[in-house]
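Please look at the fold below with its hairpins, its sheet and its pocket in mind. The paragraphs that follow take these topics in turn.

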Amino acid sequence: MCCSGTDSCVVRCCCRLFVLLLSAGFVVLIYWAIFQPHQIRATVASATLSNLTVSNASSAAEVSYNLAVTLSLYNPSVRVGIYYDALHADLRFRDAVLGPAANDTSPPEFYQRRKTSDDVRLEFDYGRGVAVGSDVAGELETEIKGGGAVSLELHVDLRVRYKFRIFKLRQKPGIRCSLSIPVKAEGRGPGVGGAVVSGDRCRVKY
């Protein structure tokens, strides 16, 4: 296609194609060297749970609660800044979703400089209750009555842009944080609550 079909022309065409592929591979290698080693690190700085109640009636099961989580995000790169364009979080118990975080997550979007840490506050306001399966409600109620800790899972999905000079790379990392919050009765009401300052590292997958 690139020449009339003579042997020398075919050789030149193959050489040009080889150089093109080699150049493309070199560019990909540079991108890999710049971006891949510098993954976001996430930790739960603190979590406060209040008004946790479970209603496991025969007709419908509900879980009511309020939760505030401070998530610390760290950019370990010495060369690359990160734009956080979108953040979606939800809380789970035994893989059952207990509701997404409020839309007014603070901050909603921001730019993170190199070698810096920023805190994101996530709030879950479900004082009016969220419907769950009766089996999920039963397991959660058992944990509460056990007098120990309630085991929850925080799922955070990000949409970010890594920036190095004129180069930008879009990624959608997922963050998974395990929350083990000791709970106890709050006043005279039926709800329980508790707080934790963990600093535990979360799992980050790209």
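In the hairpin of β3 and β4, where two residues lie between the strands, Arg94 takes a positive phi near 55°; strands here are DSSP runs of E with at least two residues and helices are runs of H or I with at least four, both numbered from the N terminus. This is a predicted model, in which local features need pLDDT of at least 70 and side-chain atom pairs count only at pLDDT 80 or more, while totals for chains, interfaces and linings use all residues. Residues are numbered from 1 along each chain as its sequence is written, and side-chain values use heavy atoms, with hydrogens and water left out.

Four bridges join β3 to the antiparallel strand β4 (residues 96–100), and two strands count as paired if DSSP finds at least two bridges between them. Phe93 has Ala96 in β4 as its bridge partner. A second hairpin is formed by β7 and β8, again with two residues between the strands, and Arg165 in its turn has a positive phi of about 55°. Here five bridges connect the antiparallel strands β7 (residues 149–164) and β8 (residues 167–171), with Arg161 bridged to Arg170 in β8.

Arg165 also belongs to the lining of the largest pocket, together with Arg79, Gly81, Tyr111, Arg113, Arg114, Lys163 and Phe164. A pocket is an open set of points on a 1 Å grid over the protein atoms alone, where a 1.4 Å probe fits, with protein on both sides within 12 Å along at least five of seven lines, and lining residues have an atom within 4 Å of a point. The space in this largest pocket is about 170 Å³, a volume filled by probe spheres set on the points, which are joined across faces, edges and corners.

Tyr111 pairs with Tyr83 in a tilted arrangement, 4.5 Å centre to centre and 45° between the planes; aromatic rings pair if their centres lie within 6.5 Å, and planes under 30 degrees apart count as stacked, over 60 as edge-to-face and the rest as tilted. The pair links distant parts of the chain, since Tyr83 is in β3 (residues 81–93) and Tyr111 in β5 (residues 110–112), 28 residues apart.

Elsewhere, five strands form an open antiparallel sheet in the order β6-β2-β1-β11-β10. Because β6 (116–132) and β10 (184–185) stand at the edges with a single partner strand each, one side of each is left without a neighbour in the sheet.

How values were computed:
Phe/Tyr/Trp six-rings, centres within 6.5 Å; stacked < 30°, edge-to-face > 60°.
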